[in-house]
Amino acid sequence: MNENNLTKEASELETLLKDKTVSSIARHRENELLIKFSDGTSLFVDNVSGKLEFSVTGQ
């Protein structure tokens with residue numbers, strides 16, 4: 001992924017998660033971090049072959 005794509009991805013995540021309140025953080029799997037927000041939104045951060053993958057679910 002080039003620098004422009006990384007910047008775009010970061011901006012999209014910021015827009016989705018702006019002003020949300022974290023309610024919990026957990027190791028969902030061995031290589032995955034789960035961040036839950038008070039409105040029901042979940043952010044999964046997964047390490048796949050040395051690269052971070054992001055997934056947002058919920059609100």
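Which residues does serine 55 touch, not counting residues up to four places away in sequence? Serine 55 touches Ser42, Leu43 and Phe44, where contact means heavy atoms within 4.5 Å. The points below place this residue and others in the fold.

1. Basis of the note. This is a predicted model, in which local features need pLDDT of at least 70 and side-chain atom pairs count only at pLDDT 80 or more, whereas totals for chains, interfaces and linings use all residues. Residues are numbered from 1 along each chain as its sequence is written, and side-chain values use heavy atoms, with hydrogens and water left out.

2. Overall architecture. The chain comprises 1 helix and 4 strands, arranged α-β-β-β-β from the N terminus on. Helices (H or I, at least four residues) and strands (E, at least two) are DSSP runs, numbered from the N terminus. Along the principal axes, the C-alpha atoms fill a box of roughly 35 × 30 × 15 Å. Of the 59 residues, 20% count as buried; buried means under 20% relative accessible area, exposed over 50%, and partly exposed in between (1.4 Å probe, protein chains only). Among contacts with a separation of 6 or more, 11% are between residues 24 or more positions apart.

3. Strands E1 and E2. Strand E1 (residues 22-29) and E2 run antiparallel and are joined by 6 bridges; two strands pair if DSSP finds at least two bridges between them. A hairpin of 2 residues connects E1 to E2. Valine 22 stands opposite phenylalanine 37 in E2.

4. Threonine 21 lies in the loop between H1 and E1. Leaving out residues up to four places away in sequence, threonine 21 touches Lys36, Phe37 and Ser38. By contrast, 14 Å separates the C-alpha atoms of threonine 21 and leucine 34, which are 13 residues apart along the chain.

5. Strands E2 and E3. These strands pair in the antiparallel sense over 5 bridges. The bridge partner of lysine 36 is serine 42 in E3, and glutamate 32 stands opposite aspartate 46 in E3. The hairpin of E2 and E3 has 4 residues between the strands, and glycine 40 in the turn has a positive phi of about 100°.

6. Strands E3 and E4. E3 pairs with strand E4 (residues 51-57) in the antiparallel sense over 7 bridges. Leucine 52 in E4 is the bridge partner of asparagine 47. Their hairpin has 2 residues between the strands, with serine 49 taking a positive phi near 50°. E3 is mostly covered, with 5 of its 7 residues buried.

7. Serine 55. This residue is found in strand E4. Serine 55 counts as partly exposed because its relative accessibility is 34%. Serine 55 and serine 42 are 13 residues apart in sequence, and their C-alpha atoms are 8.0 Å apart.

8. The nonpolar core. The largest nonpolar core has 6 residues: Leu13, Leu17, Ile35, Phe37, Leu43 and Val45. Helix H1 (3-17), strand E2 (32-37) and E3 each supply at least two residues of this core. Such a core is a set of buried Ala, Val, Leu, Ile, Met, Phe, Trp, Tyr and Cys residues joined through side-chain atoms within 4.5 Å. In soluble globular proteins, nonpolar side chains tend to be buried together. Beyond four places in sequence, leucine 43 is in contact with Leu13, Leu17, Leu33, Leu34, Ile35, Phe37, Phe54, Ser55 and Val56.

9. Aspartate 46. Aspartate 46 is buried yet has no salt bridge, and the nearest side chain of opposite charge, arginine 29, is 5.3 Å away. A salt bridge is a side-chain nitrogen of Lys or Arg within 4 Å of a carboxyl oxygen of Asp or Glu; Lys and Arg count as positive and Asp and Glu as negative, while His and the chain ends are not counted. The side chain of aspartate 46 does make a polar contact with that of asparagine 31 (3.0 Å). A polar contact is a pair of N or O atoms within 3.5 Å; within protein, one must be able to donate a hydrogen and the other to accept it, and residues adjacent in sequence count only if both atoms are side-chain atoms. Neighbours within four places in sequence aside, aspartate 46 is in contact with Asn31, Glu32, Lys51, Leu52 and Glu53.
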